[in-house]
Amino acid sequence: MAITPAESEFRILIVGGGIAGLATTIALRGPNRRITILEQSALNREIGATISLQPNASKFVEKSWNLCSQLRAKGSMADQAFRICSTDGTEHKRVDLTTKSEYGGDRMLYHRQDLHDVLKNAATSVDREGVPAEILVKSRVVSCDCEEGSVELEDGSVMDGLDLIVAADGIRSMIRRCVVGEEVDSVRTGQAAYRMMIDASKVEDDEDIRTFLDPREAVTTMVMGHQNRLIMGPARNGEVFSIVAMVPDVSDPATETFWTTKGNMDDLLEAFKEFPDWCKRLFRHAPELGLWQLRDLDPLSTWTRGKVILIGDAAHAMLPTQGQGASQAIEDAEAIGSFFENISGKPSGLAVVSRLKLVDEIRRPRATQIQLLSRESAKPATEKGDKKIKISPYQYMDYCCTYNGAKAWREQQMSVDILQQLEGLAIREPQLPMGASPLKSVRTVAI
């Protein structure tokens with residue numbers, strides 16, 4: 001079906017109604033623009049889990065897009081500190097996030113469903129600039145003509161006449177092969193994660209737990225062993241407490257069919273038997289337990305072709321060890337919005353292609369570096385049999401968080417040798433789990 005609005009309109013298709021797609025919709029809204037979002041699910045609810053946005057992304061969501069009050073009404077929390085502890089309960093490092101004014105934003109804690117709801121409301125609200133976006137659910141894209149600006153849906157219908165297509169269709173992206181020119185499979189990282197959401201009221205009276213942490217306090221806590229680690233923190237004004245428990249992936253590649261399964265409590269307790277008893281008591285309060293196989297992507301040779309650009313997990317899926325997955329998707333959205341902001345009315349093909357190449361030139365090297373940092377941070381935290389933590393997950397915070405948007409980043413690249421900045425990060429080729437595919441070293445990535 002051809003899209004037939006006024007000839008002067010900028011016709012935009014967003015493929016994917018998750019955080020990346022909705023954020024890009026908000027960034028692109030404006031006069032004489034018609035935005036359609038295709039979502040393959042029914043979009044009834046988002047996964048019940050907490051999510052954080054780092055300062056490099058929260059500044060856009062909370063300030064630039066003016067969503068602070070809506071998120072606050074849902075119970076958003078500004079993270080006050082980041083704690084790293086060993087399995088005997090010793091605090092190895094505490095980073096006070098309230099002193100990081102140079103970041104220009106806070107590390108924000110949300111319930112994932114709340115963040116998704118607020119972004120969806122902003123994308124479709126009549127109170128924001130431009131025509132509200134239209135969301136079409138149960139609409140799965142199976143192919144894309146990047147040069148012509150059209151997509152084919154699973155039901156055989158075709159949407160054409162598009163000026164810009166943003167592929168935010170996740171790590172299993174159908175559009176990625178159309179852009180890159182070949183099938184690009186996700187990479188087994190050798191890591192898996194149990195995820196739990198606990199009612200804070202059920203654990204706040206446990207004296208042993210309270211000795212170590214307050215489940216309602218806006219503080220993120222990591223407990224790190226040799227291979228296993230816990231990442232914990234609150235959401236919804238401290239009403240819920242979230243736990244991500246990372247473990248080696250022991251699934252059989254020959255028989256696996258799903259990346260997500262129901263978790264087994266006995267297996268979880270066995271995996272964390274060397275961790276403090278209060279950790280295991282926390283686990284038992286979880287009403288349900290999910291186990292996710294963690295996958296990422298190797299760097300792509302390009303994110304764009306013709307009128308199409310890949311963003312979010314479709315472009316740069318990464319491990320959660322730097323907490324940057326959603327934040328990088330927000331950076332993508334901000335970049336696209338910034339470089340298309342001066343277009344009024346229908347753009348020429350050249351105007352679209354040149355801007356997409358500029359976004360690719362700026363965003364892809366940075367996201368690639370953060371993919372690498374995330375893999376680097378996933379290596380064993382201690383020597384086997386030792387409790388002393390030898391890695392510093394927070395050491396890359398300045399590089400990740402002192403980001404002020406794509407245009408500012410471009411100016412910085414033009415005036416400063418970014419490779420010199422990366423010298424101080426002391427990044428080396430990561431020691432990856434068996435089966436994982438290494439990224440290139442920082443020095444060989446084109447900036």
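How do α2 and α10 lie to each other, and which word describes them?

**Basis.** I am working on a predicted model, where local features need pLDDT of at least 70, side-chain atom pairs count only at pLDDT 80 or more, and totals for chains, interfaces and linings use all residues. Residues are numbered from 1 along each chain as its sequence is written, and side-chain values use heavy atoms, with hydrogens and water left out.

**Helix pair.** I looked up helix α2 (residues 55-64) and helix α10 (residues 325-339); their axes come within 8 Å and cross at roughly 55 degrees. Axes are lines fitted to C-alpha atoms, for helices over the stretch in contact, and angles run from 0 to 180 degrees between N-to-C directions. Helices (H or I, at least four residues) and strands (E, at least two) are DSSP runs, numbered from the N terminus. α2 and α10 are therefore oblique to each other. Angles under 35 degrees count as roughly parallel, over 145 as roughly antiparallel, 65 to 115 as roughly perpendicular and the rest as oblique.

I then listed the contact (heavy atoms within 4.5 Å). From α2, Asn56, Ala57, Phe60 and Val61 meet Ser327, Gln328, Ile330, Glu331 and Glu334 of α10.

**Sheet.** Next I traced an open sheet of eight strands with mixed pairing, in the order β6-β5-β14-β15-β16-β13-β18-β17. Two strands pair if DSSP finds at least two bridges between them. β6 (91-96) and β17 (260-262) are the edge strands, each pairing on one side only. On average, neighbouring strands here are turned by 20 degrees against each other, direction ignored.

I checked β13 (residues 187-199) against β18 (residues 290-296): they run antiparallel, joined by seven bridges. Ala192 has Gln293 in β18 as its bridge partner.
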